[in-house]
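This report looks at selected strands, helices and aromatic side chains of one protein model. The sequence and structure are shown first, and the description follows.

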Amino acid sequence: MAKPEAERRQLTVMFCDLVGSTRLAGKLDPEDLRELTRAYQEAALGVIRKYDGHVAQLLGDGILAYFGYPVAHENAAHRACHAALDVLQAIDELNVRLAAERAVTIAVRIGAHTGITVVGLMGDSVHREQLAIGEAPNVAARLQSLAQPGTAVISGATARLVRGAFSWEDLGLHQLAGVPQPVEVYRLRRAVNTRRQTAVPGQEEPFPFVGRTGDLSMLRECWKESRAGRGRMVVISGEPGIGKSRLVRAFRASVLEEAQRWFECHCSPFYTNTAMRPLIEMISELCELGEQDSPEKKRDKVATFVSRLFPGNTDALPLLASLLSIPVAEEAQLASALTPQAKKQKLQKFLLDLFSRLSESKPLVLVIEDLHWMDPTSLEFIGLLAKHVSKTHLLVILTTRSSFEVPWLVDTRVSLSGLARDEVVCMIERVAGGKQLPVELVELLVHKADGNPLYVEELTRMLIESGQLIEQEGGYHLSVLLPSLQVPASLHDSLMARLDRLDRAKIVLQVGATIARQFDYALLKELLVIDDATLQQELARLSEAGLLYRRGDPPHAAYNFRSALIQDAAYGSLLKRTRQQYHRRIAELLPKHVPDTPPEILAHHHREAGQVVEALRCYSAAGQASLGAWALGESTRHLECALSLVDKLPDRATRALEELSLRVAIGVPLMLTRGYAAPEVETTYRRAYELCLEVGDAAADRLFPVLWGLWIFYHVKAVLPKAEDMGERLLQLAERSGDSGIALGAHQALGSTRFWRGRVSQARVHFETALALYDEKKHARLAFLFGQDARAYGLAFLVWIAWLEGDLEGARRYRQEALAHCARLGQPGSQGFVELIVAVFHCLMGEHELAMEHSRRLIALSREQRMPHWEACGRITLGWCNRTGEGASIIRAGIDSLNAVGTRTASSFWHSALVEAELRGGNLEKAQVALDALMAFIQESDERCYEAELVRLQGELLLRRGESRRAAERFRDALELALSRSQPTLAQRARLSLERTPGEA
């Protein structure tokens, strides 16, 4: 564990220069000039060292000094400002002597700036020195040149750290040479005395929990309700460090004596795309699974757990074993019997039953921390749990940051703000072990912490450990003047000061931070190549310092960072090159230590190690695995990460092939989560098509999904001639290749596009051909390419086709087949499409209750799966079957949502429903505007499937206005159009309207 030669640091850099040295050289003898320069340097250097500044270089008559290195200080910027003012004063005092002895005076200019640097040894074997590389030294030198003789100027970055401790004059913004952005510049005037007297109240509440009595009472009330069988879900939100976890711990302490089960888990930023990770950890604890347990032992433990809670349930063991990645024969059978989505739904129901049963025997508290980092699949399950919790003896407590929007209804929300001043003062006293700090220091802590408990605790701890306080009976006293002890505004600086005092343990902490928020002893030991005794000693120091929590005993121990902020500070202090080396070793060792490490975790380490090929491969694998489990959000994110790395591949041909594969893979999850006609969908498939042309024959197997993606984009965007062209290309490709899957896609594409263009009979032939081609064993997995199952798609369209052709019995038969097929498949994309078609069918039939039932199913499914396209369609059909005055506004909102995701196909259906709703409400002008827009859309898009009905609606509008003759003409036009297109149902509607027209009966 050798100390690194360089590291990243936030430093305050001070540059001090002697004014007019050339003039002095011409006026003084060189020997006198040397003595004068030495006197100036001695005066300045003495002050700099007094404030623990590090003199980096003496550049002739210039002095470069660092504050915050080699040992970090929580008040580095304050020290630099004090030093600058004291140097000016020291030069004034020196001038009194120089004037008397040599009849000469001198002046200096000083500049100071705070920023991130890389600091360490520079030079060759003969001459080496510690230098900081980065913008900060350059800015400090430029600032020095702006200062008037005998003054010191600081940047805005430094001023913000010392606000309230110094007075200054604002010199405005200055554009410094070599610095891209203008810099705020301030002339330092003097230090400000901020001492104020205050009392420190004494309370008996144990550290670290202070205040929050109302919030604690609310949790106790929710617990009371849960124990009575009226389960509750509580979300505690607030900024990092505000005390969410403290409140949970205080609540636990308050119910410790009461009979209850308590389980908790923590979400991690490294696992935001790893499905069900928090629940897996929690259930592993429930089953008492040990990390060193063999697969057989794990299986036995899970079997024992299941048999106790679910006697006789044959699905329980394979479901739980699958979740925990424990191989059992029953799991393999279950996997072969169910599709991924059906399996996921079955698992969700099982988990709901599990938590319900656990809470029956003894009330259960389930705590999930850092919800903002939870993966989408776990979020989906917690959303389901929220719907069922009220029927259990379960109290669910979720903590999250304020910026995260919880995507479901919650019983109770607790939003934490900063502690009150008295509570902060009380907390400071608790951290100080009941001993009093100087009251002026307490006041500064209160001001700087801004009510954030983590800031209060960290800053107070550091001050006590800094050596700048003298411990005496009953309290602490300052060993130096207060201004040099100003508490920093930056928690990063505070933590770095603590880390510097750890010596060798700091390296242990940095390596642990590179692994993850939680890391294992065995992996850490192998990374550090260190003996057990030394490593355990250093880890014990870190635990005692409150930086880590330990679980278990070495060599099977696991360690958690006390907060993400501590981890970030430790990780951020490493050089990029050092980080890469650590990440590379972690990526090598993780599979050995944790064989089932998720590919996205390996991808993270490979990426940070600069191993682009390996990272891309792992992200791609993670995306495909998530898509296979129908975890669409996770799949999209993994594949987007992979795409972000493609440009870093060295070989152009390899780049093209990799990007093409990734764009093909990401197409469907993008469609389903962001809308079929979303701009990113078009970008993805257009780019994929360009890549197909660039790659040529090597992309032959990718041309099918690319053409399909372009077809569906143009189809949903209602660019129907282009969509039909893509369908024709697909059919030609199928004929050339003889591939039944491509043929299936081609007939789906041509069937649906020709349906909307009004060629219903042709559409029927295409869909019947597709159904005849369909083989579930061969083609079911094509749903991951098509977005829905081909059989479900064809059956659903045949519902509409049969209805238009007047075959109502056939339409109902297709409806039943489509619903049954979807229920067995368990694919959200297929289910959404079929629910929509069925809802529209019942709207067309006037069966409003059934239409409402399927519309609500569609909306619920879409929200669960985050499929905005289908949710918008569900809103429209919900408004369509709403016979009150609200129908039109509901339909309009749904159409607006579809427009937002770029969807235009089926506008003839949606807008005709809007026209009917406006006519029912007597809103003839609104109906006219909608009809005019709709007829223009038909001319533009060639969506003529429902044109006869729209012409009939024009007649209905004319009839409402009393224009019977013109109305009858439109009804005859509608009748003729429907008959010419073999649409008896629409013809019958036109005929009935004509019969109701006065003078036409």
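Which residues form one aromatic cluster? In this model, which is predicted, the cluster is made up of Phe755, Trp756, Phe767, Tyr793, Phe797, Trp800, Phe833, Trp870, Trp880, Phe909, Trp910 and Tyr946.

One member of that cluster, Trp756, is also among the residues in contact with Arg944, which, when neighbours within four places in sequence are left aside, touches Trp756, Arg757, Gly758, Ile938, Gln939 and Arg981. Arg944 lies in the loop between helix 41 (924-941) and helix 42 (947-960), and its side chain makes a polar contact of 3.1 Å with the side chain of Glu947. With a relative accessibility of 17%, Arg944 counts as buried, because the cut-off for that class is under 20%.

**Aromatic pairs and charges over rings**

The count of aromatic pairs comes to 24, and two of them are set out in the table. A pair of aromatic rings is described by the distance of the centres and the angle of the planes.

| Pair | Centre to centre | Angle between planes | Class |
|---|---|---|---|
| Trp168 and Tyr186 | 5.4 Å | 55° | tilted |
| Phe713 and Tyr714 | 5.7 Å | 65° | edge-to-face |

The pair of Trp168 and Tyr186 links distant parts of the chain, since Trp168 belongs to strand 7 (residues 166-174) and Tyr186 to strand 8 (residues 183-191), 18 residues apart. Trp168 is partly exposed, at a relative accessible area of 24%, whereas Tyr186, at 12%, is buried. In the other pair, Phe713 counts as buried at 3% relative accessibility, and Tyr714 is buried with a relative accessible area of 8%.

Two arginines place their charge over a tyrosine ring: the charged end of Arg579 sits over the ring of Tyr571 at 4.6 Å from its centre, and that of Arg813 sits over the ring of Tyr814 at 5.2 Å from its centre.

**Strands and sheet**

Strand 1 (residues 6-18) is mostly covered, with eleven of its 13 residues buried. Strand 1 runs antiparallel to strand 3 (residues 62-67), and six bridges join the two; within this pairing, Met14 of strand 1 stands opposite Ala65 in strand 3.

Strand 9 (residues 232-237) is joined to strand 13 by four bridges, the two running parallel, and Val234 stands opposite Thr412 in strand 13.

**An enclosed helix**

Why is helix 10 (residues 316-323) described as largely enclosed by the rest of the structure? Seven of its eight residues are buried, so helix 10 is largely enclosed in this sense. The buried residues are Ala316, Leu317, Pro318, Leu319, Leu320, Ala321 and Leu323. Just after helix 10, Ser325 takes a positive phi of about 60°.

Conventions. Residues are numbered from 1 along each chain as its sequence is written. This is a predicted model: local features need pLDDT of at least 70, side-chain atom pairs count only at pLDDT 80 or more; totals for chains, interfaces and linings use all residues. Side-chain values use heavy atoms; hydrogens and water are left out. Buried means under 20% relative accessible area, exposed over 50%, partly exposed in between (1.4 Å probe, protein chains only). Two strands pair if DSSP finds at least two bridges between them. Rings of Phe, Tyr and Trp (its six-membered ring) pair if their centres lie within 6.5 Å; planes under 30 degrees apart count as stacked, over 60 as edge-to-face and the rest as tilted. A charge sits over a ring if NZ of Lys or CZ of Arg is within 6 Å of the ring centre and within 35 degrees of the ring normal. A polar contact is a pair of N or O atoms within 3.5 Å; within protein, one must be able to donate a hydrogen and the other to accept it, and residues adjacent in sequence count only if both atoms are side-chain atoms. Contact means heavy atoms within 4.5 Å.
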